[in-house]
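Biologist: Could you walk me through this structure slowly, please? I am still learning how to read one.

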Amino acid sequence: MIAHLSGILFSKEPNQVVVDVGGVGYDVMIPLSTFYDLADEKSKVDLLIYTHVKEDALQLYGFKTASERKLFVHFISVSGVGPKLGIALLSHGKT
């Protein structure tokens, strides 16, 4: 499982970034709180990662702080709350 990414911020949008790690671009979903804490594109970035494995996909969710990641894990442990909703809850709440 991927737990941490450190590389160059290739692209940045409010809920998604691409992190270039040694020439490989990792597509990572992020909450707005992480988006606002990130520097400009082409700068160095470090993200804590939650790897979500489904039958047909491997999805990465990134966080700037350990408390964000921990709260996300708590959210998705609730029945009926998946990673996309967990990111949305973090984006609209305060961490």
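This is a predicted model: local features need pLDDT of at least 70, side-chain atom pairs count only at pLDDT 80 or more; totals for chains, interfaces and linings use all residues.

Biologist: How do H2 and H3 cross?

Modeller: The axes of helix H2 (residues 66–76) and helix H3 (residues 83–92) come within 9 Å and cross at roughly 130 degrees. That makes H2 oblique to H3, given that angles under 35 degrees count as roughly parallel, over 145 as roughly antiparallel, 65 to 115 as roughly perpendicular and the rest as oblique. Axes here are lines fitted to C-alpha atoms, for helices over the stretch in contact, and angles run from 0 to 180 degrees between N-to-C directions. The helices (H or I, at least four residues) and strands (E, at least two) are DSSP runs, numbered from the N terminus.

Biologist: And which residues meet there?

Modeller: From H2, Glu68, Leu71, Phe72, Phe75 and Ile76 meet Pro83, Gly86, Ile87, Leu89 and Leu90 of H3, where contact means heavy atoms within 4.5 Å. The residues of this contact divide into eight nonpolar, one polar and one charged. In that count Ala, Val, Leu, Ile, Met, Phe, Trp, Tyr, Cys and Pro are nonpolar, Asp, Glu, Lys and Arg are charged, and the others, Gly among them, are polar.

Biologist: Which residues of H2 are buried?

Modeller: Glu68, Phe72 and Ile76 are buried in H2, where buried means under 20% relative accessible area, exposed over 50% and partly exposed in between (1.4 Å probe, protein chains only).

Biologist: Why are they on the same side of H2?

Modeller: They cover an arc of only 65 degrees around the axis, which puts them on the same side of H2; the arc is that of the directions from the helix axis to the C-beta atoms. An α-helix has 3.6 residues a turn, so residues three or four places apart point the same way. On the other side of H2, Ala66 and Lys70 are exposed. The cover over the buried residues of H2 includes helix H1 (32–37), strand E4 (44–54), strand E5 (57–63) and H3.

Biologist: What about H3, which residues are buried there?

Modeller: In H3 the buried residues are Pro83, Gly86, Ile87, Leu90 and Ser91. They cover an arc of only 135 degrees around the axis, which puts them on the same side of H3, and on the other side Lys84 and His92 are exposed. Strand E3 (24–29), H1, E4, E5 and H2 are included in what covers the buried residues of H3.

Biologist: Switching topic, is phenylalanine 35 buried or exposed?

Modeller: Phenylalanine 35, found in helix H1, counts as buried at 16% relative accessibility. Not counting residues up to four places away in sequence, phenylalanine 35 touches Lys12, Glu13, Pro14 and Ile30.

Biologist: And where is lysine 42?

Modeller: Lysine 42 is found in the loop between H1 and E4 and is exposed, with a relative accessible area of 56%. Its phi is near 75 degrees, a positive value in a residue other than glycine.

Methods. Residues are numbered from 1 along each chain as its sequence is written. Side-chain values use heavy atoms; hydrogens and water are left out.
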